[in-house]
Amino acid sequence: MNIKPKTAVLAILALSTVGLATAKAPEIDPARIDSMVAEVLRQADQHPNQTAKPDGQAIRKDVVTRLQTLEVLKNEAIKAGLDKNAEVQNQFKNVEAEFYANQYAAYLERQTAVDDAELRRFYDQQTRIIKLQQVSFASADEVRAAQELLLKGLSFEELMKRYPNPEQEFDGFISPQQLPPQLATAFADMNRGDVTHEPIQMENRFYLFKLSAVERNPNAEPFELVRNQIAQAVKRQKVENQIERILKENGINP
């Protein structure tokens, strides 16, 4: 009996479909499904601007299919002996280490508490803008001599006139976050009118800075509108500090 090519292809597809239909997909522990669904929903919550509300049933169905797919392919990998392959095992150990490290960081964040004073302080730091005055010197001896003049009563403005440079003409406000980390750190605890205690060296020159004005960024959102984001940022900062301490205690200097 002759079968047209198109008809043969359809017949093969039909048989394949029947074969797939009779195969039983692996059973997945409901707790694993719940865990992955919760993770998907958590990630969706991190994008509050999306207009479509997550479809719980559709997400659960997709999660089940994904976990079943992973389980089938994992079993095939084991049948192929990949669990005995040294390079595969090395990669698995690396992925496992990274997974537990991320889980520990998330655990620390859940355990970290922040109070309103911390949030307010962080908000003030993030929303403040500053105006700087500066004087630069060619050598360490010059800057030490200039500091002596300040101690004797010379004003910073007079010092600027003695050591003029073109950058002194800039008189605008800037956010500390726009500055190099070295400068941002130096100005973090300074108040209006303060002068840097120690010279700051940049590109073979030495600088003294005065914080001449401090204001709040007029475009900053009100504290209450960003309180939750600030809380997360403060928690992450505290966790990063804690992890850095743990690493140093174990001989690692990040």
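A search of the whole structure finds 18 salt bridges. A salt bridge here is a side-chain nitrogen of Lys or Arg within 4 Å of a carboxyl oxygen of Asp or Glu. The model is predicted: local features need pLDDT of at least 70, side-chain atom pairs count only at pLDDT 80 or more, and totals for chains, interfaces and linings use all residues. Residues are numbered from 1 along each chain as its sequence is written, and side-chain values use heavy atoms, with hydrogens and water left out.

**Stop 1: pairs of charges**

Select Lys 24 and Glu 27. Their side chains meet in a salt bridge, 3.3 Å from N to O. Are these two residues buried or exposed? Lys 24 is exposed, at 69% relative accessible area. Glu 27 is exposed too, at 65%. The cut-offs are these: buried is under 20% relative accessible area, exposed is over 50%, and partly exposed is in between (1.4 Å probe, protein chains only).

Next, select Glu 39 and Arg 42. They form a salt bridge, and the closest N and O atoms are 2.6 Å apart. Where do they sit? Both are in helix α2 (residues 30–45), three residues apart, which is about one turn of the helix. Helices are DSSP runs of H or I with at least four residues, strands are runs of E with at least two, and both are numbered from the N terminus. Glu 39 is partly exposed, with a relative accessible area of 33%. Arg 42 is partly exposed as well, at 40%.

Now move to Arg 144 and Asp 141. This salt bridge spans 2.5 Å, N to O. Both residues lie in helix α6 (residues 140–151). Again the spacing is three residues, about one turn of the helix. Arg 144 is partly exposed at 46%, whereas Asp 141 is exposed at 54%.

**Stop 2**

Select Asp 116, Arg 120, Glu 224 and Arg 227. A network of salt bridges links them. Now show helix α5 (residues 116–127) and helix α9 (residues 223–249). Two packed helices are described by the angle between their axes and the distance between the axes. How do α5 and α9 cross? Their axes come within 9 Å and cross at roughly 100°. That makes α5 roughly perpendicular to α9. For such labels, angles under 35 degrees count as roughly parallel, over 145 as roughly antiparallel, 65 to 115 as roughly perpendicular, and the rest as oblique. The axes are lines fitted to C-alpha atoms, for helices over the stretch in contact, and angles run from 0 to 180 degrees between N-to-C directions.

Colour the residues in contact (heavy atoms within 4.5 Å). On α5 they include Leu 119, Phe 122 and Tyr 123. On α9 they include Val 226, Ile 230 and Val 234. Asp 116 and Arg 120 of α5 also take part, as do Glu 224 and Arg 227 of α9. By class, the contact has nine nonpolar, one polar and six charged residues. Ala, Val, Leu, Ile, Met, Phe, Trp, Tyr, Cys and Pro count as nonpolar, Asp, Glu, Lys and Arg as charged, and the others, Gly among them, as polar.

**Stop 3: the sheet**

Select strand β1 (residues 128–137) and strand β3 (residues 205–216). They run antiparallel, joined by ten bridges. Strands pair if DSSP finds at least two bridges between them. Find Ile 130: it stands opposite Val 214 in β3.

Ile 200 has Tyr 207 of β3 as its bridge partner. Gln 201 stands opposite Phe 206 in β3. Between β2 and β3 there are two residues, and the two strands form a hairpin. Click Glu 203 in the turn: its phi is positive, about 50°.

Which order do the strands take? The open sheet of three strands runs β1-β3-β2, with antiparallel pairing. The edge strands are β1 and β2, each pairing on one side only. From one strand to the next, the twist averages 45°.

Bring α5 back into view. It packs on the sheet and touches β1 and β3. The direction of α5 makes about 55° with that of β1. Helix α6 lies across β1 and β3, running at about 45° to β3.

**Stop 4: a loop residue**

Finish at Ala 138. It is in the loop between β1 and α6. Ala 138 is partly exposed, with a relative accessible area of 48%. Which residues does Ala 138 contact, leaving aside neighbours within four places in sequence? They are Asn 204, Arg 205 and Phe 206. Ala 138 and Arg 205 are 67 residues apart in sequence, but 5.2 Å apart in space, C-alpha to C-alpha.
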